[in-house]
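Biologist: I have a model open on my screen and would like to learn how to read it. Could you walk me through it, one feature at a time?

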Amino acid sequence: PAADDAGVGKREQELLAIWGRALGREDIGVNDSFGALGGDSLSSIAALLDMRRVGVPERVSRGLYQGLTIRQMVREEAEAGGASQQVTAVNGIPVATIEMPVFLRALGIYLVVASHYGIQHFEGNPVLMVVSGLSFAKFQLRTIDKERSVLPVVRFSWKIALPAIIDAIARQIAHHAFHPLSFLLIDNLLEPHPFGAYQSPYYIDVLIQNLLIAAVPLAVPTIRRFAVARPLVYGIMMLLTCWLASILVPYFFDPTHAWTLVPQSYLWLLALGWCAAFSSTRRDKLLLTGAFLGLNLISYVVGGRLGWNGFPGRGVHEYVVVTTLALVWFDEIPAKIPTVLVQAINAVAAASLFIYLTHIAFKDVLEGIWNHLVPGGWPRLPLLVAVPIAMTGGYFVWRLWENVMRSIPVWLGRTRQAAPAPAAGSSATGSW
C-alpha cells in the first residue's frame, strides 16, 4: 500500500479485500483506482457484485467505473448514509439494477449462441466488439497511463488468448485435424471466410488483433497524453479513421469481399465503444450520437461495395445502433428487474468468453443425444432448451477454469500474489 494509506478504516479494509480477490493481488492501496491497478472487464464485475453484496450503495459502487478510489467510495458511502442492506422489492419480488454494459454483453452472447443454433440473421459479435471497446477504454487506458506502457493490453489479450488456444488444440485433437498456425490466433488473416475446420475462433482472433492495434498509438507518449487528457476527442478521431479504413481497405484491396473478417471490419466498433465510455455530459452524448448516426447514414446511402461493416451491400445491424446508443445514454437499465434475472445476466456476462468457446461443442453433444433419442432427428432439438443448456454449460466451464487458475501458477505478464478465496455465497464474476 502507498505511504498515504495510513489510518485505513474497517470499511476500507473490507473493500481492499474485495478488490484484492477480484484483481488477484494484495499490493492495493485505498488511494488507487481500480483501472490504475490493472483492473479490466475480466475483474470489474467481480468487484462490483461483491461490493453490492456487502451493502455498498449502487450509486457508490458504480464509482469503480469512474476511477474513484476506495477512500473516495467510502467517503461517498458515508455521505449517502452508510451501507445499505435493505433489499428493494416490488410486489414482494426482490429487484435490482444491472449495468448496461453487462446486460449488452450477455445479450451479445445470447445472439451468438442463438444464431449458431438456427435462429438466423442474428449476429452478436458486433455487439460484443462495441462493449469490448468500452471496457478497453474504461480500464486499459488508465493502466497504460499509469505504467507508461501498452503491456497491460498485452497481458489482457493473453488472458483471452490462453483459453482460446487451449480450446483450439482440444478440438483439433478430438477431430484429428491439426493446424499449428491456429495457435497464433491469425486464422482470419490466412484464408477467406469460412476458415478450415477446427481452427481458432475468428471473433477472438479479431478481438485480440484489434485490441493490440488500438494500443499501438498509445505507446507514443505524446499520443498517450492526448488520449488521457481528451479521451472523447481522441475516440472520435479514432472512430473516423477506423470508419474510413473499414470502407477503403476492402474497396482497394478486397473488392470481392473474400476476406470479410479482418481487423478493420470491426475496429470501428471498438472505437464506438471507446467513445461511449467517455461521453459523460449531455453535450458529449449528443455529439457522439450525431456523429455515429451521420456516419451510419453515409454508409447506408453509399451502399453496394462500401458496406460499413466490410460486407458488400450491408450497413450496420440495427442492434449495433441500439447497443451503441444504449451505452452512450445509459449507465444501467433504466428500471429495476428481478434479482434472480440480474444474477443470471451477470453470470452469462461473466462466462461470456467460455460460452463463446464451448457452445458449439455443447451443440454437437446435445444434437447427438437428441438424434439418438428421436429417430431421424425430427422434430429438431428445441431452441428454448438447447440455447440455455449450452450457455449454462459454458458458465460451468468458466467456473472450472477459475478454480484451476487459482490452483496453479500461470504467467500472465507479471507475478501476482495469491488472493484469499471469495467468501461463501459470493457471486464474483468477470467478463472479457
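Modeller: Let's start with burial: a residue is buried under 20% relative accessible area, exposed over 50%, and partly exposed in between, using a 1.4 Å probe and protein chains only. Take Trp-401, which is buried at a relative accessible area of 17%. Before we go on, this is a predicted model, where local features need pLDDT of at least 70, side-chain atom pairs count only at pLDDT 80 or more, and totals for chains, interfaces and linings use all residues. Residues are numbered from 1 along each chain as its sequence is written, and side-chain values use heavy atoms, with hydrogens and water left out.

Biologist: Okay. How many aromatic pairs does a search of the whole structure find?

Modeller: Rings of Phe, Tyr and Trp (its six-membered ring) pair if their centres lie within 6.5 Å; planes under 30 degrees apart are stacked, over 60 edge-to-face, and the rest tilted. The search turns up 10 such pairs. One of them joins Phe-354 and Trp-401, tilted at 45° between the planes and 5.5 Å centre to centre. Phe-354 sits in helix α16 (residues 352-373) and Trp-401 in helix α17 (residues 383-407), so this pair ties together parts that are 47 residues apart in sequence. Helices here are DSSP runs of H or I with at least four residues, strands are runs of E with at least two, and both are numbered from the N terminus. Phe-354 is buried too, at a relative accessible area of 8%.

Biologist: What kind of aromatic pair do Tyr-395 and Phe-396 form?

Modeller: That one is edge-to-face, with 70° between the planes and 5.5 Å centre to centre. Tyr-395 is partly exposed at 22% relative accessibility, while Phe-396 is exposed with a relative accessible area of 53%. Elsewhere, ring pairs link Phe-136, Tyr-234, Trp-274 and Phe-278 into a cluster.

Biologist: Which ring does the charged end of Lys-363 sit over?

Modeller: For that call, NZ of Lys or CZ of Arg has to be within 6 Å of the ring centre and within 35 degrees of the ring normal. Here the ring belongs to Tyr-117, and the charged end of Lys-363 is 6.0 Å from its centre.

Biologist: On to charges. How many salt bridges does the structure hold?

Modeller: Side chains of opposite charge can pair when their charged atoms come close. The cut-off for a salt bridge is a side-chain nitrogen of Lys or Arg within 4 Å of a carboxyl oxygen of Asp or Glu. The model holds 8 of them. Arg-11 is buried at 17% relative accessible area, but Glu-14 is partly exposed at 33%.

Biologist: And where does the partner of Glu-12 lie?

Modeller: Glu-12 lies in helix α1 and Arg-71 in helix α4 (residues 70-79), so the pair ties together parts that are 59 residues apart in sequence. Their closest N and O atoms are 2.9 Å apart, and both residues are buried.

Biologist: Last one: what is the strand order in the open sheet?

Modeller: Two strands pair if DSSP finds at least two bridges between them. The sheet has 3 strands in the order β1-β2-β3, with antiparallel pairing. Its edge strands, β1 (89-90) and β3 (337-338), each pair on one side only. Strand β2 (residues 93-96) pairs with β3 over 2 bridges, and Val-95 stands opposite Pro-338 in β3.
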